[in-house]
Amino acid sequence: MKETLGTTGLVFNEPLLWEKGKKGRSGFSLPRRDVAEHPVDKKLEGPGPDFPDLSEVDVVRHFIRLSQWNFSVDSGMYPLGSCTMKYNPKTNEVQSARPGLAQAHPLLPQQLSQGALRLMYDLEQYLTEITGMDATSLQPAAGAHGELAGMLLFYAYHKSKGAPRSKIIVPDTAHGTNPASAALCGYRSIPIKSNERGVLSPQAVEDIMDTDTAGIMVTNPNTLGLFEENIKAVSDIVHAKGGLVYGDGANMNAIMGIVNMGELGIDVLHLNLHKTFSSPHGGGGPGSGPVCVRKHLEPFLPVPRVIKQKDRYILSEDFPESFGKIHAFYGNVGVMIRAYSYILSMGPENLIKASQLAVLNAAYIKDQLKGTFHLAYDRPCMHECVFSDKLQKPYKVTTLDMVKRLMDYGFHPPTIYFPLVVPGAIMIEPTETESKEDIDQFIESMKAIAREAKENPERLHAAPGKTKRKRLDETLAARKPCLTG
Amino acid sequence: MRYLPHTAEDIAAMLKAVKIDSLEGLFAHIPKDCRRKEALQIPAALTEWELNIHMDQLAQTMATAPEYKVFLGAGSYRHYVPAAASFLAGRSEFVTAYTPYQPEVSQGTLQAIYEYQTLTARLLGMEVANASQYDGASALAEAMLMAVRVSRKKTVAVSRAVHPTYRQVLATYFEPTDFNIIELPYLSDGTTDVSAIKDMDDLGGVAVQSPNFFGCMENLEAIKSSLPDKKTLLVACFSEPLAYGLYKSPGHSGADIACGEGQSLGIPHTFGGPGLGMFAAKMKYVRNMPGRLVGQTVDKEGNRGHVLTLSTREQHIRREKATSNICTNHSLCALAAVIYMASLGGSGFKKLARLNYDKAEYFKGALQQAGFELPFSRPTFNEFVVAFPDGFEKIYQDLLQKKIIAGLPLVDFYPELKNHYVLCATETTARDDMDTLVKEILQ
């Protein structure tokens, strides 16, 4: 395709829900009344909510118009670093919508819910195998929830040893959820700087690891897209002082079948099924953040656990050392179904190939854009690469300006200003599901923007120009919060 | 594989560009002792056709309506979801988008969530609602952490009539902290006994659920007036927000925080998740709230638009000082809920709530007439407790054979409530089915 992907077309305006509709309309077919009215306690009775009354057509047009203001994976490439915006297979949606699964009440007697229990049991086995760990719990509802589960495991483990600890080591490249999750468990975060190669140095860990430190949280591959090459040495140092190693598996998409996380010395690892295992992000959830553990932490996993007894699957609460529960039921089963469907569709060879192609796509982008943009760490990358706006600084063009302009070219912006260790970071994760043609078009668009930065910086300051809304006043939103209408 | 677009030719060209001779070579920089040696032991790939057959077999084993008559509520409710609502919530543009960090290309999600926040605040009678949390249980845990943050006190009280697993989740969240939880007993009418709190001077929050786990409406106004201290927050929890189409909302009854499960608003059971953690509070507490918030603003041309805002509370800015570690919320479930609420409208919401109430009242009447005891006298919404005679466990099992699930036994959660079951009737429960249940029990 010669022309630019991004263009303009007829986009509809649409008011807020309560600015349309008319009292007395309805978009709902109320089931037939087959019982009489019964008096209601007047002291408790209320007026009911003040919602607009809308017809079905009002509702449909409203939300279809809104949907057209969104960028999505199904409309184009979404190279958000550390978010793994891969294609979300449609068969997964069909599987999770099957009435037997979607309409299944969570408190069904266990003999009447064998299919869902088997699916959860098998998915746990698959994730355990893919990560190289010993056991998995699917209960956490999101990545950050998985991190919380991981910290609760740390806490329960150290408590069982009779000595709860107070600190935790968190690298400066970590996602903000890491220190926040640790804080929920009362741990004080001790930051540690990555070295000049962008990874952890064993010496730096040795210097601060002590017997009051519960352990370390490591993202591997890290948020610079680099493999933490000293991970085994780091694990040994932490273990020698009685600590544990937490692995943030947000970037697992780079290493499926290629690295065995258990062998690296990682004691707990969380996965994001909505990243690596293809379930959609839903505009910000629901996700699912299973935790995989080594044998010594298995007794502390949340309950209930799905166990197999002969040919039957049961939910067991009989794990006296468990840290408890973090979900009302068993976690986000709808997301688990999608991940299960994905793993079965892919099989072992394609999962490995997916990681290989994810890394190939990132390496190719890194190579093609090197020189056009400043590359923070010129080393072999994994599934993502991190550039910055250093070369565009002389033209007074920032990362923000460039990625806003990228929207006009028909691409979603990469992750920006993260990780914090790279000023003006542009973090690109293409994923394996983008074809060479689409990647080439992305590269051409990035190069065109770099040219514009030199020749016509004003155009970038004014970007985006083709979107439904131009740059929004975020300061005003925060200074005078208007959170409901 | 249909999700992997690379041809052999593409791979060769790309490898050549990066000067690496094989796909395997891309990983050569990883130390050898970190490499996986064993093959992946997972099943071989299925075709889409084979997958359909396999998934259908799994789904067939599950007991679902209409084949089964399911009288279960207890935190997950069966309601009719309009076809248009499911259709709209399945739009790719919503489903396959990320968190709206780039507002210019995310106005669809942002406006929808702003509308969700608004309708949620109106439903709960509160001033501000967040963009959602994971589920009712974690929403309650976060609410109680917020209560100790706001009040700067160390103890919270929670009613035993709050959903048992919500209380377990709350206990898990509080275990590594310095804060304490005390449990409040329930009275013979099925509501919470708050007499224990009146002399407590270190109480940051009191949590009750209304309708509670027994289906009973709590007297929130009376509880509010018995709080020992002005700083103590009243946290009103719920698992069935449709009740506020009939009964007064938490906000109109004095709640400082209202939180709970929103699954009943257009979201299928899916064996318990994903659900929708709803969370709302008074505006004066907004900077202590967990979770994402969407706010209204203008763009450079002065047009109305929406953005994520007040993010200085959140983990990606504040790191360890954030109000919560929450990052992902349940945006798509919030979208389903706002579409559902919009489809019903204010008038429809009230009618539907009334129908749920009347169905349950009919059910209660039929059971009472058959001679069964309803131990709790408080008004209920769409579920209630029945005390069956000794030996009912056997009948319950027999009914399963007849494809009837006669509610949830309470004894696992409340050892003192032997033979007590919580039963539920919504607008999807036909009168004939309720009559059948009563008849079958009597046989």
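Predicted model: local features only at pLDDT ≥ 70, side-chain atom pairs only at ≥ 80, totals over all residues.
Residues are numbered from 1 along each chain as its sequence is written, and chains are lettered from A in the order in which they are written. Local features need pLDDT of at least 70, side-chain atom pairs count only at pLDDT 80 or more, and totals for chains, interfaces and linings use all residues.

**Exercise 1.** Check the span of helix α12 of chain B, then find its buried side.

*Solution.* 
- Helices are DSSP runs (H or I, at least four residues), and strands are runs of E (at least two), numbered from the N terminus.
- The expected span is 1.5 Å times one less than the number of residues.
- B:M434, B:L437 and B:I441 are buried (20 or more other C-beta atoms within 10 Å; exposed means 12 or fewer; C-beta atoms are placed from the backbone).
- These three cover an arc of only 55 degrees around the axis, so they share one side of α12(B).
- The arc is taken over directions from the helix axis to the C-beta atoms.
- On the other side, B:D432, B:K439 and B:L442 are exposed.

**Exercise 2.** Give the strand order of the open sheet in chain B and name its edges.

*Solution.* 
- The order is β2-β8-β7-β6-β5-β3-β4, with mixed pairing.
- Pairing requires at least two DSSP bridges.
- β2 (128–129) and β4 (180–184) are the edges, each pairing on one side only.
- β3 and β5 pair in the parallel sense over 4 bridges.

**Exercise 3.** How many residues of chain A are in contact with chain B?

*Solution.* 
- Contact means C-beta atoms, placed from the backbone, within 7 Å.
- 171 residues of chain A contact 166 of chain B.
- Helix α9 of chain A (333–369) gives the most to chain A's side, with 23 residues.

Conventions: Contact = placed C-beta atoms within 7 Å.
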